[in-house]
Amino acid sequence: LSPMGYNYIIMELAGGMEFESHPEINAAVEEAFIKGANGEWPLFPHKEAGMGKTVPKALVKEFVDFCRVYGIEVVPEIQSLGHVQFMTLAHPEIGEWPDEAEEVKVDERTADIPPNKFYAHCYCPSNPKSYEILFDLIDEIAEVFGPCEYLHLGHDEVYEIGVCPICKHKDPA
């Protein structure tokens, strides 16, 4: 890629990289890949990350270092706010879950897997535990990818926000 002028790669991590601070995330993601493939659970989004396994941090670091030798920076992407099923599966208490009695309207026109009642697509932005977990993961990413100029935080396709008991009376903005 380097001779063709490429100088950046964005690597989406989701739950695909080993997280020592939260091994329960990796365990939940691996279980979801297996049970989704077997039809026991709905298919897990971003199943391509790690190809269904947790990639050891040392291997990710080796890849990052290899790319740098050829002048290519690897920008880590950790999904946040939306696309965080890897976090909410292991920590449903941070999920942006609507009350069971309420029907939440969801825009399903996108090509992405729409949220469902099995995997919370977003974390609650008003729950401090959401950020404790996210910042732990970011610290580990910085350790593996550092020094790096950029960190991609996602924040796209936030399907459900302001629907959990903490947020439902707040303006989603």
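Let's start with one side chain. Q79 makes a polar contact of 3.0 Å with the side chain of E77. Q79 also has a side-chain polar contact with E12, at 3.4 Å. Keep in mind that this model is predicted.

Where does Q79 sit? In strand β2, which covers residues 73-80. Is Q79 buried or exposed? Buried, with a relative accessible area of 3%. Leaving aside residues up to four places away in sequence, Q79 touches a set of residues that includes H46, V84, F86 and L134. E12 is in that set too, and so is the run of L153, G154, H155 and D156.

Now step back to the whole chain. It has four helices and three strands. Read from the N terminus, the order is β-α-α-β-α-α-β. There are 173 residues, and 39% of them are buried. Take the contacts with a separation of 6 or more: 83% of those link residues 24 or more positions apart. The accessible surface is about 9,500 Å², and carbon and sulfur atoms hold 58% of that.

Last topic: cysteines. A disulfide is a covalent bond between the sulfur atoms of two cysteines. C122 is another buried cysteine, with a relative accessible area of 1%.

Methods: Residues numbered from 1 in each chain as written. Predicted model: local features only at pLDDT ≥ 70, side-chain atom pairs only at ≥ 80, totals over all residues. Heavy atoms only, no water. Helix = DSSP H or I, 4+ residues; strand = E, 2+ residues; numbered from the N terminus. Buried < 20%, exposed > 50% of the residue type's maximum accessible area, 1.4 Å probe, protein only. Polar contact = N/O pair within 3.5 Å; in protein donor to acceptor, adjacent residues only side chain to side chain. Contact = heavy atoms within 4.5 Å. Areas by Shrake-Rupley, 256 points an atom, 1.4 Å probe, with all protein chains shown as cover.
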